[in-house]
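I opened my notebook to look around a new structure, one step at a time. Here is what I looked up, in the order that made sense to me.

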Amino acid sequence: MVFEECAREVPKVKIQPAMAFLGSARQYHGAAEQLFEQRREFYHPVYFLYFHTVELALKAFLFSCNVKPKGGHSLTTLYEDCRKHGLIIGPYDQFDIGNIVSLLESGNRSQGFRYITQTSRSLPDFSWTREVVGELMEAVARHLGVDLKQKPVPGVAVRFDMVFSRPVPKA
């Protein structure tokens with residue numbers, strides 16, 4: 001359940017950054033779900049995808065409350081700010097999402113999901129992570145009035161990406 005107080009106070013125009021962050025979170029979450037069955041082979045990338053999904057989803061929630069996220073990549077700081085603005089995932093929220101946030105942040109210390117580190121760490125079980133991150137995504141999407149089962153509808157353009165093919169030499 002997500003409390004709706006903050007979203008009611010926000011003009012529709014202010015929702016755009018939240019929707020952009022949620023859209024990006026959906027992509028990272030989708031990639032994590034695609035790789036989940038190969039999690040033993042792609043250990044660090046799958047954890048990184050879930051970590052980044054959580055970061056983007058929490059930032060989407062804060063933007064929807066007209067709050068500029070602070071704390072950079074600190075999931076615990078973002079989560080605490082979200083809790084202050086009414087984010088609750090379920091009855092065991094602090095034991096599920098709170099622990100997942102803390103453990104993912106521990107795992108990513110020194111960018112540990114992206115780079116080689118010799119720092120020991122604690123990580124959440126993959127299945128637990130998958131379940132709780134899915135619940136977070138559902139809660140944030142509900143808060144924003146989005147049905148995750150439906151294909152995303154493009155919103156207002158926020159940038160333009162040009163993709164170039166390899167040049168073809170003249171014959």
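**Entry 1**

I began with Lys 70, which counts as exposed because its relative accessibility is 52%, and the cut-off for exposed is over 50%. I kept in mind that this is a predicted model. Lys 70 sits in the loop that joins H3 to helix H4 (75-84). Setting aside neighbours within four places in sequence, I found Lys 70 in contact with Thr 77, Leu 78 and Asp 81. I also checked Lys 59, eleven residues away from Lys 70 along the chain, and the two C-alpha atoms are 8.9 Å apart.

I stayed in the loop between H3 and H4 to look at Asn 66. Asn 66 is partly exposed, since its relative accessible area is 48%.

**Entry 2: stepping back to the whole chain**

Next I asked myself: how many helices and strands does the protein chain have? I counted six helices and zero strands. Read from the N terminus on, the elements run α-α-α-α-α-α. The protein chain has 171 residues, and 40% of them count as buried. I then looked at contacts with a separation of 6 or more, and 68% of these are between residues 24 or more positions apart.

**Entry 3: H3 against H4**

I went back to H3 to see how it packs on H4. The angle between H3 and H4 is about 35°, and their axes are 9 Å apart. The crossing of H3 past H4 is left-handed. On the H3 side, I listed Phe 51, Val 54, Glu 55, Leu 58, Lys 59, Phe 61 and Leu 62 as making the contact. On the H4 side, the partners are Leu 75, Leu 78, Tyr 79, Asp 81 and Cys 82. Sorted by class, the contact of H3 with H4 has nine nonpolar residues, three charged ones and no polar ones.

I was pleased to meet some names again. Lys 59 was the residue I had compared with Lys 70, while Leu 78 and Asp 81 were contacts of Lys 70.

**Entry 4: H3 against H6**

Then I turned to helix H3 (residues 43-64) and helix H6 (residues 126-144). They pack at an angle of about 25°, with 10 Å between their axes. What does that angle make them, in words? H3 and H6 are roughly parallel to each other, because angles under 35 degrees count that way. The crossing of H3 and H6 is left-handed.

I wrote down some of the residues that meet here. From H3 they include Tyr 43, Tyr 47, Tyr 50, Val 54, Leu 58 and Phe 61. From H6 they include Phe 126, Val 133, Leu 136, Met 137, Val 140 and Leu 144. The residues in the contact of H3 with H6 divide into 15 nonpolar, four polar and one charged.

**Entry 5: the nonpolar core**

Which residues have the most contacts inside the largest nonpolar core? I found Leu 22, Val 54, Leu 58, Leu 87, Leu 104, Leu 136 and Val 140, in a core of 42 residues. Helix H2 (15-35), H3, H4, H5 and H6 are the elements that give two or more residues to this core. H3 supplies the largest share, 13 residues.

I followed up Leu 22. Leaving out neighbours within four places in sequence, Leu 22 is in contact with Ala 60, Met 137, Val 140, Ala 141, Leu 144 and Val 146.

**Entry 6: two last stops**

I looked up Ser 106, found in helix H5 (residues 93-107). Is Ser 106 buried or exposed? Ser 106 counts as buried because its relative accessibility is 13%. Beyond its neighbours within four places in sequence, Ser 106 is in contact with Arg 121 and Ser 122.

My last stop was Glu 131, in helix H6. Glu 131 counts as partly exposed, with 47% relative accessibility. Glu 131 and Asp 96 are 35 residues apart in sequence, and their C-alpha atoms are 9.4 Å apart in space.

Conventions
Residues numbered from 1 in each chain as written. Predicted model: local features only at pLDDT ≥ 70, side-chain atom pairs only at ≥ 80, totals over all residues. Heavy atoms only, no water. Axes fitted to C-alpha atoms, helices over the stretch in contact; angles between N-to-C directions. Helix = DSSP H or I, 4+ residues; strand = E, 2+ residues; numbered from the N terminus. Parallel < 35°, antiparallel > 145°, perpendicular 65-115°, else oblique. Left-handed = near helix turned anticlockwise from the far one by under 90°. Contact = heavy atoms within 4.5 Å. Nonpolar A, V, L, I, M, F, W, Y, C, P; charged D, E, K, R; others polar. Buried < 20%, exposed > 50% of the residue type's maximum accessible area, 1.4 Å probe, protein only. Core = buried A, V, L, I, M, F, W, Y, C linked by side-chain atoms within 4.5 Å.
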